[in-house]
Amino acid sequence: MRLFKKCLFHLCLISYFFHFSGILPPDNYVVSQKIYTPYLTVKFLNVGQGDSIIIQFPNGKCLLMDGGPRESSEAVLNGLIELGIQKIDYLICTHPDIDHIGGLLDVVRSVPVGQVYDSGKGYDTRAYLEYIRLIHERNIPFSIIQEGDVLPFDSEVTVQVLNSGQGKIFNNHAGIVLWVKYKACEFLFTADVEKHIEKRLIRKYLLDVDVLKVAHHGSKSSTSKAFLEKIRPSYAVLSYEKGNPYGHPHRSVLKRLKQNKVQWFETARDGDIDMKTDGYRLWIEGEKMSVKR
Ligand SMILES: [Zn+2]
């Protein structure tokens, strides 16, 4: 704490100097003031028919996972502004479908990005090629992540890749699945993966999570009974647009969530969904929830 106060004092001194000396910092001078908190926050953005999630780590770094469809870039940018994010430290596009990559195009044009992680699943659409071109033009470091990789976002938070795109033919099968664990609180983000991937996940990994991002917007192709029974989420989030032509979320998925006593939230009904945890307690939309220990 003493060190923090010392740093704060120096920061104030520097600001005072620049402000009152009449000397302005050069144009490329960037003050990156990271604020350390004991919280991990997750914001599920209401981006219509698609996914977009912002995670802020206790060390102040942030991850943007997906950007929803093209027309949702404004919602994503507003979400970043709301959280005071001026730079995206890490960007993940779970897979190249337009409802995940579309909104990222304008985001990459407008906000500095530190590092891009990709599923490695290529796609011959204009949106995907534009996305890759933008990353290349801006010299953003680009890495393909593989199953088993542990991403070094924050030393206090385990972020592990449980599925990625190598050798996958279909985009939905290639989706990056992330398991995020902060102390006793666990999240599982499942992109648009389908039942056979879920089956492999529960066969291969010991998963018992607090929060599940329901795969594929609540499509009946995912969120099987066996999967829910094994990972036993207390809470779930469904991201979709009301009246979408795919009929998401499917009533059978909602029924399975209900049967497994999962309390779920929906972007189409609830708007942005904000979660915050200190690793032992979880707040959803400001309300205190219990976490499994
Ligand atoms: Zn999708």
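How many bridges join strand S1 to strand S2, and do these strands run parallel or antiparallel? In this predicted model, strand S1, which covers residues 40-44, is joined to strand S2, residues 53-56, by 4 bridges, and the two strands run antiparallel.

Strands S1 and S2 belong to an open sheet of 9 strands, whose order is S6-S5-S4-S3-S2-S1-S13-S14-S15 and whose pairing is mixed. The edges of this sheet are formed by strand S6 (142-144) and strand S15 (287-289); each has a single partner strand, so one side of each is left without a neighbour in the sheet. From one strand to the next, the twist averages 20°.

Helix H2, which spans residues 73-82, contains several buried residues, namely Ser73, Ala75, Val76, Gly79 and Leu80. Viewed down the axis of H2, these buried residues fall within an arc of 165°, so they line one face of the helix. Glu74 and Ile81, by contrast, are exposed on the other side of H2. The cover over the buried residues of H2 includes strands S1 and S2, together with helix H4 (104-110). Just after H2, Gly84 adopts a positive phi of about 75°.

A further open sheet consists of 6 strands in the order S7-S8-S9-S10-S11-S12, again with mixed pairing. Strand S7 (157-163) and strand S12 (263-266) stand at its edges; since each has a single partner strand, one side of each is left without a neighbour in the sheet. The twist in this sheet averages 15° from one strand to the next. Strand S11, residues 235-238, is joined to S12 by 4 bridges, and these two strands run parallel. Within this pair, Tyr235 stands opposite Gln263 in S12.

The largest nonpolar core comprises 67 residues. Those with the most contacts inside this core are Ile53, Ile55, Ile92, Val177, Phe189, Ala236 and Val237. Two of these positions, Ile53 and Ile55, fall in strand S2 (residues 53-56), while Ala236 and Val237 fall in strand S11 (residues 235-238). For Ile92, the residues touched are Leu63, Met65, Tyr117 and Ile176, when residues up to four places away in sequence are not counted.

Conventions: Residues numbered from 1 in each chain as written. Predicted model: local features only at pLDDT ≥ 70, side-chain atom pairs only at ≥ 80, totals over all residues. Pairing = 2+ DSSP bridges. Axes fitted to C-alpha atoms, helices over the stretch in contact; angles between N-to-C directions. Buried ≥ 20, exposed ≤ 12 C-beta atoms within 10 Å, placed from the backbone. Arc of directions from axis to C-beta. Contact = placed C-beta atoms within 7 Å. Core = buried A, V, L, I, M, F, W, Y, C linked by C-beta atoms within 7 Å.
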